[in-house]
Amino acid sequence: MAENILMKLDGATRTYTMGDVKVEALRETSLDIYSGEILVILGPSGSGKSTLLNIMGGMDLPSGGHVFLEREDLSAAGEERLTRYRRNEVGFVFQFYNLMPDLTARENVELASGLVENPLPAAGVLKEMGLEDRMDHFPSQLSGGEQQRVSIARAAAKNPRLLLCDEPTGALDYQTGKLILGLLARINRDRGSTVVIVTHNTGIGSMAHRIVRMRSGSIVEIIQNKTPVSPERIDW
Amino acid sequence: MNVLVKKMLRTIWNTRGQFLAVTAVVTVGITVYMSMTTSYFNLNASKDRFYRENNFADYYFHVVRAPQQVVKQVESLPGVAVATGRIQKDMPVVKEGDQRATARITSYAVPMEGEVNRIQLMSGRFFENNPQGGGVEVLTDLKFASANGLSFGDLVYIVADGRKAPLTLVGTGTSPEFTIAMKDAATLMPDPRTFGLIMMSHQQAQQIMNLPGQINQVIIKVAPGFNEELVASGVKHILEPYGNLASYPRSKQLSHAVLQGELDGLKASSRFMPVIFLGIAAAIQMVMLGRMIKGKRLEIGVLKALGYSSRSIILHYTGYSVATSLMGCIMGTILGAGLTSAISGMYAEIFNLPQAIGSINYQAVLYGSALSLGVGASTGLIASRGVVKINPADSMRPNPPKKGGRIFLERWEWIWKRLDSTWKMSLRTAFRNRGRFTLVLLGVTFSVGMLVMSLFSNDTIDYMIKKQFFENQGYDYLVRFSAPLKEHELLNISRIEGVLRAEPIFEIPVRVHYNGKSQEDSLQGLNVTTTLKKITDKNGRPLQLPEEGVLISERTAAKLGAREGDPVEVETLLGTGPSRRAALKIAGVNQQLVGGGSFVSIDQANGILQERSLVSGVMLKVDPGTFHVVEKKLDDMTAISSVLSRQKELANFDKNLEAMIYSILIMVMFAMVMGFAIVYNSSVISFSERKRELASLRVLGFTNREVSGLLMKENMLQSLLGVALGLPLGRLMTQGYISAVSTDLFTMPLVIYPQTYFLSTAGGLLFIWVAHLVAVRGVKKLDLVDVLKNRD
């Protein structure tokens with residue numbers, strides 16, 4: 001794997017104020033993300049992994065330190081640049097899918113694909129996700145696994161460089177979860193998208209090229225996985 | 001189609017109840033704006049054009065009689081652009097079956113050229129000076145002709161110089177001074193059966209009235225740039241030797257004053273009413289969108305995460321309010337056009353205007369659209385500005401719990417302790433959502449205020465009728481004679497079988513002078529012991545007619561700045577015999593709802609004219625069973641110029657009231673729609689916001705009824721306060737309305753019966769209750785498991 005650095009976190013921190021309480025969600029963190037890798041961020045809840053993901057996705061800015069996209073310092077970018085970044089470079093997959101309830105599966109995908117210049121055809125991506133029969137259903141008519149597949153299709157249709165997944169299997173049963181992970185691995189393999197998966201499920205780590213372990217807002221360990229296994233064969 | 005647009009359409013569909021409610025309020029606002037503005041434009045344009053084309057006079061001068069040549073002299077005055085001399089006189093008309101009516105005869109040059117107050121022919125042809133086969137050709141106003149079943153070639157008989165003179169009808173016409181045919185300001189409503197306009201040539205009029213080469217009126221147009229009053233005083237000076245009876249500017253000309261009053265009222269309403277409706281619609285949308293955006297925080301976060309900019313999301317939500325405006329605008333324009341044609345139809349009924357007055361005014365459509373879309377767009381933009389602040393990462397985290405805290409009521413422990421927990425919840429919710437609380441309060445207040453304002457006219461008119469026809473007027477008939485008679489001649493009338501009581505009246509037109517100012521008035525001499533006419537002061541307290549001194553009319557007193565105890569001088573303006581002057585002391589100030597008139601004892605009235613026991617008319621109280629017989633007897637008598645019958649006046653009134661009932665109904669409907677929309681929207685919002693909380697209550701064991709009762713309590717808190725505030729607001733709004741439509745000649749008393757307050761309250765409670773029921777239908781469908789499913 002060519003080790004091109006796609007994104008670089010340099011001493012990034014993030015502090016929140018919730019009511020009167022100050023929470024240090026991310027302590028000084030530095031991390032490189034390589035182009036084309038599958039990176040799994042592991043950690044218990046409250047370890048700062050989602051915060052890290054949000055910062056990578058341009059949904060949130062660090063309170064201190066820097067985030068570089070290739071050479072560009074995103075932490076200095078304005079709202080407009082961040083919107084453009086999210087629009088063109090990033091695909092998100094959420095734990096609770098976050099589909100628009102008023103739109104059908106196909107329309108949910110089109111909602112994202114309409115934003116970029118060279119999207120993948122919505123119907124094609126949905127088909128890839130095995131949803132050819134469910135395209136015109138509304139989210140309320142879909143099962144959780146189907147909704148998550150729509151959500152992946154929505155992210156993938158933009159053909160993003162970076163696919164960020166926040167607990168993508170968290171709300172799903174074992175079988176469906178594995179199916180979803182397989183789809184993510186396939187996007188990584190077929191299109192070369194960098195896939196970052198945040199999870200507390202250590203089993204998922206075995207499909208990654210690298211595993212980042214976090215605890216209390218800090219990275220405690222980065223593990224190189226020389227032999228990633230396909231999601232169908234992992235177990236948890 | 002753009003996916004976001006699709007999404008918006010689906011959102012509209014899913015919130016269609018609320019969407020329609022807001023649309024309805026916008027629709028009402030635009031309907032009112034369109035119909036009133038268009039009616040105003042049309043009526044005003046029609047009036048202006050009519051006035052311009054027919055040279056409507058700026059000033060009127062009535063004299064006893066003057067040689068025709070004096071007109072040239074008036075015209076040569078600087079500042080007088082055109083002057084026209086003519087004869088105008090009210091004459092009795094004898095109709096079929098000897099029934100009486102009054103005609104205002106006006107004379108015109110043949111052919112007409114640049115005269116002031118020209119005739120506009122409506123049908124038939126103009127009269128000629130010397131028609132073939134002799135006779136007198138005349139035009140009448142359209143309404144008089146149709147009310148009396150007259151067609152061209154028919155004969156109309158007037159009584160002139162004690163003789164019946166036949167007039168041949170050859171057409172119908174109108175003139176700027178005849179847009180509404182009413183005898184005088186004391187007439188409440190036009191009655192074309194008993195009063196009409198007859199137009200004929202100068203020559204014929206002079207002959208019939210035995211005024212060869214004479215005129216009794218000069219009307220002028222003032223040249224631009226000249227002071228009207230200065231010019232008028234010059235004219236008065238010229239006319240001085242001929243007995244100045246009255247002079248007044250256009251603004252006091254009766255039909256103009258009525259028309260202008262209507263226009264002013266329309267204009268005021270067309271400004272005021274749409275602002276209320278659109279303002280309320282904007283407020284509802286503001287709250288609705290604000291709430292929608294709060295509720296869709298996550299969705300907005302996701303859209304941002306996907307890469308949508310704040311701007312495009314704001315536009316998306318603004319689209320929602322623009323859509324309500326657009327829809328309201330379209331429907332309002334359609335309904336407004338319909339209402340305009342109804343209003344125009346009504347005006348065509350009332351006013352004698354030649355042009356069609358019911359066309360669509362594109363300017364109003366343009367302004368109306370701009371107004372509603374502008375309000376929609378700015379509301380949307382303001383309401384959705386919160387989108388900018390939503391941070392995509394934050395939106396994924398659960399909202400921090402709402403700021404709790406005590407409300408001010410909790411400081412009064414003795415009250416608070418007595419409330420059960422559902423009341424505590426309702427009170428806290430109501431007071432925490434101050435914006436929504438204020439909105440509902442305002443909306444309900446205005447709706448109820450509008451109900452009061454819509455219903456009041458019924459009360460006022462009922463009050464005026466009761467006061468005028470039953471309290472102040474004890475007589476069933478007022479008979480006026482062609483010329484004053486000696487009092488003993490009344491015996492002929494008082495002896496008619498069925499006449500229970502007859503009292504003389506002596507009416508003298510006068511000019512009252514005080515402190516260098518003067519004002520025309522009608523002096524009415526009555527028996528001091530009169531029981532058929534009640535005179536009251538401005539508080540409705542009865543006044544005793546003194547032997548000496550005048551109970552001056554409130555309007556005259558106000559114009560002159562005179563008060564009780566002040567000495568005034570009256571100058572008679574009878575038009576026959578010498579003009580007399582006499583000093584009178586003001587013994588009191590009387591106020592009448594309709595018309596004016598100052599009262600003296602009949603002996604004093606005679607004294608002013610240096611006469612004895614003369615009367616000009618008689619008031620009769622008649623046994624109700626014999627109305628018909630008495631009327632027949634009166635019709636047979638000569639020397640009677642007019643007979644006013646209470647019964648017929650009332651019937652005429654009722655006929656004219658029908659149009660009013662419709663407009664009241666429409667207004668009531670509009671007010672209810674607005675109130676419903678507000679309460680409904682607020683209830684839907686509070687319901688959807690609290691689904692989880694309400695479902696929890698259901699889980700705890702509350703029944704559906706108890707849960708909706710909880711919402712009802714919150715609703716009632718704000719709504720009842722709104723109803724309570726709406727009643728006094730309604731009174732204020734009514735006051736404003738009355739002052740907008742009052743003219744020099746007419747004022748309406750502000751009378752609101754308790755029944756109106758009661759009905760408005762009932763109307764308010766009704767729309768609140770219905771809106772609540774519709775809004776909380778969802779309580780039954782609350783899915784307890786789904787709502788309580790833990791998402792975090």
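Predicted model: local features only at pLDDT ≥ 70, side-chain atom pairs only at ≥ 80, totals over all residues.
Residues are numbered from 1 along each chain as its sequence is written, and chains are lettered from A in the order in which they are written. Local features need pLDDT of at least 70, side-chain atom pairs count only at pLDDT 80 or more, totals for chains, interfaces and linings use all residues, and side-chain values use heavy atoms, with hydrogens and water left out.

**Exercise 1. Determine which residues of helix α3 of chain A are buried, and what they pack against.**

Step 1. Helices (H or I, at least four residues) and strands (E, at least two) are DSSP runs, numbered from the N terminus. Buried means under 20% relative accessible area, exposed over 50%, and partly exposed in between, with a 1.4 Å probe and protein chains only.

Step 2. List the residues. The buried ones in α3(A) are Ala105(A), Glu107(A), Asn108(A), Val109(A), Leu111(A), Ala112(A) and Ser113(A). Because seven of the nine residues of this helix (residues 105–113) are buried, α3(A) is largely enclosed by the rest of the structure.

Step 3. Find the partners. In chain A, the buried residues of α3(A) pack against α4 (122–128) and α5 (144–157); in chain B, they pack against α1 (3–14) and α8 (297–306). Contact here means heavy atoms within 4.5 Å.

**Exercise 2. Describe the interface of chain B and chain A by its residues, area and polar pairs.**

Step 1. Count the residues. Chain B gives 25 residues to the contact and chain A gives 24 residues.

Step 2. State the area. About 2,300 Å² is buried between the two chains, and carbon and sulfur atoms give 60% of that area. Buried area is the accessible area (1.4 Å probe) that two parts lose on being put together, summed over both.

Step 3. Identify the polar pairs. Six residue pairs, both residues at pLDDT 80 or more, are in polar contact between chain B and chain A. Such a contact is a pair of N or O atoms within 3.5 Å; within protein, one must be able to donate a hydrogen and the other to accept it, and residues adjacent in sequence count only if both atoms are side-chain atoms.

Step 4. Examine the salt bridges, each a side-chain nitrogen of Lys or Arg within 4 Å of a carboxyl oxygen of Asp or Glu. Two are found across the interface. Glu107(A) forms a salt bridge with Arg10(B), and the closest N and O atoms are 2.5 Å apart.

Step 5. Assign the chain B side. The elements that give two or more residues to the side touching chain A are α1, α8 and α11 (392–396) of chain B.

**Exercise 3. Locate Leu263(B) and name its contacts.**

Step 1. Leu263(B) belongs to helix α7 (residues 254–295) of chain B. With 0% relative accessibility, Leu263(B) counts as buried.

Step 2. Leaving aside neighbours within four places in sequence, Leu263(B) is in contact with Tyr40(B), Leu43(B), Asn44(B) and Lys47(B).

**Exercise 4. Describe the backbone at Pro111(B), Asn117(B) and Asn159(A).**

Step 1. Recall the background: most residues other than glycine have a negative phi, and most peptide bonds are trans.

Step 2. Val110(B) and Pro111(B) are joined by a cis peptide bond with omega about -10 degrees. Pro111(B) lies in the loop between β4 (100–108) and β5 (120–124) of chain B.

Step 3. Asn117(B) is found in the loop between β4 and β5 of chain B. Phi of Asn117(B) is positive, near 55 degrees, and Asn117(B) counts as buried at 0% relative accessibility.

Step 4. Asn159(A) has a positive phi of about 50 degrees. Asn159(A) sits in the loop between α5 and β7 (162–166) of chain A and, at 34% relative accessibility, counts as partly exposed.
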